[in-house]
Amino acid sequence: MGDKQPTILMLAGEASGDQHGAGVARELKARWPGCRLLGLGGPAMREEGVELLADLDRLAVMGFAEVVRHLPFFYKLERRIREVLDHDDIDLVLPIDYPGLNLRMAKEAHRREIPVLYYIAPQVWAWKPGRISRLAEDCDHLAVILPFEVDVLRKAGAQVTFVGHPLLEECVLEPNELEFRKRWKLDGDKPILALFPGSRVQEIARHRDLFLATGRMLQESRPDLQLVWAKASSIAASHFDTSGLPVVEDARSLLAHSRAALVKSGTTTLEAALQGTPFVTVYRTHPLTYMLARQLVQVDRVALTNLVLGRDVVPELLQGAATPANLAARLEPLLDLESTERRVMVSGLADVKNALGEPGAATRVAGLAAEVLAKV
């Protein structure tokens, strides 16, 4: 490209992608101060200078059944992105996770001979093998954040680089526990069970009552146990009003200062691993979504902590198995500082942290963008 300042289309569809995309946008601006960044994202990407075609409010849906209701919106959005690809002189498309939309947009870019660098490549290894070949064909390079993905994707013919996990860049000094509890009006002495029900409205609806019932059951045998909700920035506090429990928006600090956690399966499982906080992971979804997923998914684990190491580090309870009694039984020994279950899990979580690489993922992605553009 020579000295040309590139125009890059960045496509993020949920809160985590917005955060990771913002880091990449910052590094792209540092490398090319005059570059133009546009695409999909949220407030973090907007603050880093990305011109947004649509924001996260309408994008953050998931599951087969849930997406169907939003199809008209997605049809219009895809048409708008195709118009951008045709008329805005795009030099590089940089999808970030969010496979439902981004796999199709990668294909559209490939058809137009626009290079594609896919960051946080979708977990196609968990689905039909044919999707891996499609990803390799439509993308010039894949930047992956889980180490075991490299071999799977290279076997399919993809150009792939393990860039490390972006969560490693977000490790900050935690406030001391006294300050943390004072800030969020928590009891100064009671051990905390952190409740992470999810970052989407439909996840809150499916997990909130289950998590609350589990916590109340544990309090019957541990009256000193303090239950605390973790609220994602994408969720209104009103979703937790009826429980009467404290609500904390600082997830990493909450994990750092909790005795244990109950966590909806997803990225938070890796955040808990980085903090060394024992937890049980759970997931409930629409019955139709679950039924279809059972037919398509090729892996026997869902928690990222377990997938990273290829063994069961934390318990996974899904759909009907996720009952208050089952969850409480798995959490009970993790609340005991001297239990064998807790000691073994803490050791396993340390192994997960060591496997996630080194900080600097966003810088490495910007470097890969330069490499891809240099070949144009």
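**Figure 1. Contacts and surface of the whole chain.** Among contacts (heavy atoms within 4.5 Å) between residues at least 6 apart in sequence, 66% join residues at least 24 apart. The model is predicted, so local features need pLDDT of at least 70 and side-chain atom pairs count only at pLDDT 80 or more, while totals for chains, interfaces and linings use all residues. Residues are numbered from 1 along each chain as its sequence is written, and side-chain values use heavy atoms, with hydrogens and water left out. The chain holds 17 helices and 13 strands; these are DSSP runs numbered from the N terminus, helices being H or I of at least four residues and strands E of at least two. Of the 376 residues, 52% count as buried, where buried means under 20% relative accessible area, exposed over 50%, and partly exposed in between (1.4 Å probe, protein chains only).

**Figure 2. An open sheet of six strands.** The strand order is E10-E9-E8-E11-E12-E13, with parallel pairing; two strands pair if DSSP finds at least two bridges between them. Strands E10 (247–248) and E13 (316–318) stand at the edges with a single partner strand each, so one side of each has no neighbour in the sheet. Strand E12 (residues 279–283) runs parallel to E13 and is joined to it by three bridges. Tyr283 has Leu318 in E13 as its bridge partner.

**Figure 3. Thr7 in strand E1.** Strand E1 covers residues 7–12 and contains Thr7. Thr7 counts as buried because its relative accessibility is 10%. Leaving out residues up to four places away in sequence, Thr7 touches Arg36, Leu38, Asp88, Asp89, Ile90, Asp91 and Leu92.

Figure 4. H6 (residues 99–111) has 13 residues and reaches 18 Å from first to last C-alpha, close to the 18 Å expected at 1.5 Å a residue; the expected span is 1.5 Å times one less than the number of residues. Its buried residues include Leu101, Leu103, Met105 and Glu108. Glu113 follows H6 and has a positive phi, near 60 degrees.

**Figure 5. Two nonpolar cores.** A nonpolar core is a set of buried Ala, Val, Leu, Ile, Met, Phe, Trp, Tyr and Cys residues joined through side-chain atoms within 4.5 Å. The largest has 86 residues, and Leu254 is among those with the most contacts inside it. Helix H17 (residues 361–374) gives the most to this core, with nine residues. A second, separate core of 33 residues includes Leu38 and Leu103.
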